[in-house]
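Hi,

Here is the structure I promised to pass on.

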Amino acid sequence: MIILLENIKRKGYNGSLASYKKYGGYEALGKALGMESSLIISELKKSGLRGRGGAAFPTGIKWEFAADAADNPKYVVCNADEGEPGTFKDKLLMEKDPHSLIEGMAICGKAIGTKHGFIYIRGEYFDAFRSLQKALDETRKQNLIGKNIMGSDFSFDITLYRGAGAYVCGEETALLDSLEGKKGQSRVKPPFPTFEGLRNKPTVLNNVETLSNIAQIISKGGSWFSKIGNKTATGTKLFCLSGDIKKPGVYEADMNVTLNELINDYGGGAVGTLSAVFPGGLASSLLTPDKFDIKMNYESVMKAGSMLGSGAVIAINSTRCPVDLAANRMAEFFDHESCGKCTPCREGTKRAKEILQGIASGTGSVEDLSTIRDLADVLFDTSRCGLGQTALNAIRSSIDIFEDIYLEHITKRRCRAGICKFKK
Amino acid sequence: MIELEKILAEYNYKQGALLPCLHLVQEKEGFISEKMISYLARKMDLTRVEVYSVVTFYSMFTLKKHGKYVIRMCLSFPCYLKGARTIFNAVKKELKIENGETTKDGLFSLEGVSCIGLCDKAPAMLINDKSYGNLNAKKTVDIIRKIKKAEKKK
Ligand SMILES: Cc1cc2nc3c(=O)[nH]c(=O)nc-3n(C[C@H](O)[C@H](O)[C@H](O)COP(=O)(O)O)c2cc1C
Ligand code: SF4
Ligand code: FES
């Protein structure tokens with residue numbers, strides 16, 4: 001089943017307004033303009049759509065909170081800060097089918113009662129920025145956004161806002177601070193953004209992929225969408241396949257698809273023999289081949305001890321050294337990206353990196369492994385935002401799965417993969 | 001700059017204008033100067049420290065002048081699996097600079113960065129606003145040499 005990539009896969013489709021309209025584009029907005037706000041929201045709730053940015057919060061409920069909040073003005077903010085290594089689906093949507101996102105945002109504006117929308121886009125996404133800029137210009141010219149859209153009494157416009165190179169700004173409250181021109185550091189929740197968001201006003205914050213589903217849900221109805229996929233994971237999901245896989249890329253499937261199917265049927269199979277896979281990016285725990293038959297939906301992946309996250313499936317084969325990857329890619333990434341606001345994350349990620357780099361260079365001790373496990377607990381329990389809470393998930397899972405390899409590095413100063421260089 | 005005034009007015013001289021202003025200045029001048037920090041602080045009624053802390057928080061803003069070509073080489077997990085580290089080292093050697101530095105002639109800056117969304121074409125990099133994928137050391141060095149050559153002709 002294909003929803004999000006339907007247009008992109010059409011022959012000759014180029015993402016322009018003309019081609020978008022050719023296949024029914026902006027009809028959903030027209031329909032929404034004639035609907036009561038509560039009706040739009042009830043369709044969305046019926047659809048069962050859950051946020052695609054990682055946390056999987058029900059989108060209809062989020063919109064309802066914001067619509068019911070008393071304060072004004074309200075804001076619609078699109079999280080286009082896609083920065084999780086291995087995630088590149090939002091980029092594809094923005095570059096190839098930007099109008100789906102714009103239409104979804106306008107419908108959200110109508111549903112919660114606001115004329116203000118923002119797209120917070122990663123600073124490094126130059127092509128996607130240009131594509132959105134062009135799309136917004138076209139849309140304004142044809143009065144599909146702007147004042148009195150399609151002659152109605154509803155006005156809505158969108159400001160494009162570029163991030164500037166900070167992974168943590170993908171976290172919703174850090175994003176809001178960044179959008180206010182501040183350092184992007186997370187806020188304490190609650191209050192949640194639906195009540196106190198941008199400029200402390202009620203704000204709906206949704207991921208690009210989430211919003212790109214909206215127009216089709218309004219066109220075809222919530223119950224149509226709810227029948228696709230799985231009861232608790234309706235609709236389709238974009239999966240980003242990368243790493244040791246033959247055909248890396250973005251693939252759309254409903255959430256009954258198994259990890260095996262993704263790797264073999266969609267991704268053309270593994271390069272080499274896989275030793276583990278991240279089902280949901282570096283913040284998710286690694287899964288070993290015995291678990292590759294799980295279905296890729298929130299509940300099943302959770303049951304297998306990991307999480308679906310934003311859908312970054314990264315395959316790792318047996319020629320890689322798990323210690324090298326943990327020390328030099330995973331721990332290093334989180335240490336670098338920690339915003340430094342709270343101590344457990346700021347110091348914990350640094351300590352984890354030092355300890356792991358010690359193991360990778362032959363100066364580690366057996367106790368180091370339990371220290372890392374303890375650190376993972378501390379960070380999970382005491383960090384302020386999701387970055388710190390999940391920072392050591394993957395590393396802990398790597399130690400659990402490949403303990404013998406870690407011990408070999410520590411006690412025998414030996415790296416089977418021949419990658420780690422030991423100090424004399 | 002007239003364009004700065006336009007952005008400031010659009011945001012009612014509120015702090016929200018800061019990132020768009022800094023992007024513009026970084027693009028036009030290649031860095032954020034002390035003078036610019038004072039100017040922006042005054043315009044938005046902020047302290048200089050507030051502006052300074054924002055500038056230093058975001059990796060795309062720099063206090064030192066950037067090269068004409070900013071090479072952003074992805075070192076994240078999927079690119080690392082595909083040999084990004086080796087390419088990075090080859091580029092360092094070619095340009096005779098380390099991560100975060102700029103060549104003496106002011107032509108190139110080199111930055112190891114996090115995922116830039118080109119993981120299906122790993123290893124990948126950006127040079128200014130252009131993306132390059134499926135790289136190897138030779139290909140990457142060739143791209144850089146080509147730019148050098150074109151610049152010499154100017
Ligand atoms: C460290 C961190 C980084 C995040 N990065 C992103 C991101 O790049 N894009 C995104 O949509 N959500 C990201 N999120 C999730 C957001 O906080 C938020 O849950 C999401 O944007 C809500 O939209 P949704 O309900 O449509 O998923 C991140 C969360 C954390 C903790
Ligand atoms: S957990 Fe890390 S990223 Fe999040 S607020 Fe604390 S220091 Fe910042
Ligand atoms: S990991 Fe290098 S572009 Fe995504």
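A definition before anything else: in what follows, Ala, Val, Leu, Ile, Met, Phe, Trp, Tyr, Cys and Pro count as nonpolar, Asp, Glu, Lys and Arg as charged, and the others, Gly among them, as polar. Also keep in mind that this is a predicted model.

I'll start with the second largest pocket, where those classes come in. It holds about 1,300 Å³ of space. Its lining is made up of 37 residues, and the closest to the pocket centre are F129(A), R162(A), H23(B), L24(B) and E27(B). By class, the lining splits into 13 nonpolar, 10 polar and 14 charged residues. Which elements give two or more residues to it? From chain A they are α8 (126-141) and β3 (157-162), and from chain B α1 (2-10), α2 (18-29) and β1.

Two of those central residues turn up again as a pair: the charged end of R162(A) sits over the ring of F129(A), 5.6 Å from the ring centre. Chain A has another arrangement of this kind, with the charged end of K91(A) over the ring of Y125(A), 5.9 Å from its centre.

On to the rings themselves. Over all chains, the structure holds 15 aromatic pairs. One of them is formed by Y69(B) and F108(B), a tilted pair with 5.7 Å from centre to centre and 35° between the planes. It counts as tilted because planes under 30 degrees apart would be stacked and planes over 60 edge-to-face. This pair links distant parts of the chain: Y69(B) belongs to strand β1 (residues 69-74) of chain B and F108(B) to strand β2 (residues 108-113), 39 residues apart. Are the two residues buried or exposed? Both Y69(B) and F108(B) are buried. Ring pairs also link Y120(A), Y161(A) and Y11(B) into a cluster.

Ligand 2 is worth a look too. It is surrounded by 13 residues, with S186(A), C339(A), C342(A), C345(A) and C385(A) the closest. The shell divides into 6 nonpolar, 5 polar and 2 charged residues.

Then some backbone details. There is a cis peptide bond between N72(A) and P73(A), with omega at about -10°; P73(A) lies in the loop between α5 (59-68) and β1 (75-80) of chain A. Another cis bond joins P190(A) and P191(A), with omega at about 5°, and P191(A) is in the loop between α9 (172-179) and β4 (203-207) of chain A.

Positive phi values in residues other than glycine come up as well. N143(A) has phi near 55° and lies in the loop between α8 and β3 of chain A.

Finally, chain B as a whole. It contains 7 helices and 4 strands, which run α-α-α-α-β-α-α-β-β-β-α from the N terminus on. The C-alpha trace of chain B spans about 50 × 35 × 25 Å along its principal axes. Of the 154 residues in chain B, 54% are buried.

Over to you!

Notes:
Residues are numbered from 1 along each chain as its sequence is written. Chains are lettered from A and ligands numbered from 1 in the order in which they are written. This is a predicted model: local features need pLDDT of at least 70, side-chain atom pairs count only at pLDDT 80 or more; totals for chains, interfaces and linings use all residues. Side-chain values use heavy atoms; hydrogens and water are left out. Rings of Phe, Tyr and Trp (its six-membered ring) pair if their centres lie within 6.5 Å; planes under 30 degrees apart count as stacked, over 60 as edge-to-face and the rest as tilted. Buried means under 20% relative accessible area, exposed over 50%, partly exposed in between (1.4 Å probe, protein chains only). A charge sits over a ring if NZ of Lys or CZ of Arg is within 6 Å of the ring centre and within 35 degrees of the ring normal. A residue is near a molecule or strand if one of its heavy atoms lies within 4 Å of it. On a 1 Å grid over the protein atoms alone, a cavity is a set of points where a 1.4 Å probe fits but cannot get out, and a pocket is an open set with protein on both sides within 12 Å along at least five of seven lines; lining residues have an atom within 4 Å of a point. Grid points are joined across faces, edges and corners, and a volume is the space filled by probe spheres set on the points.
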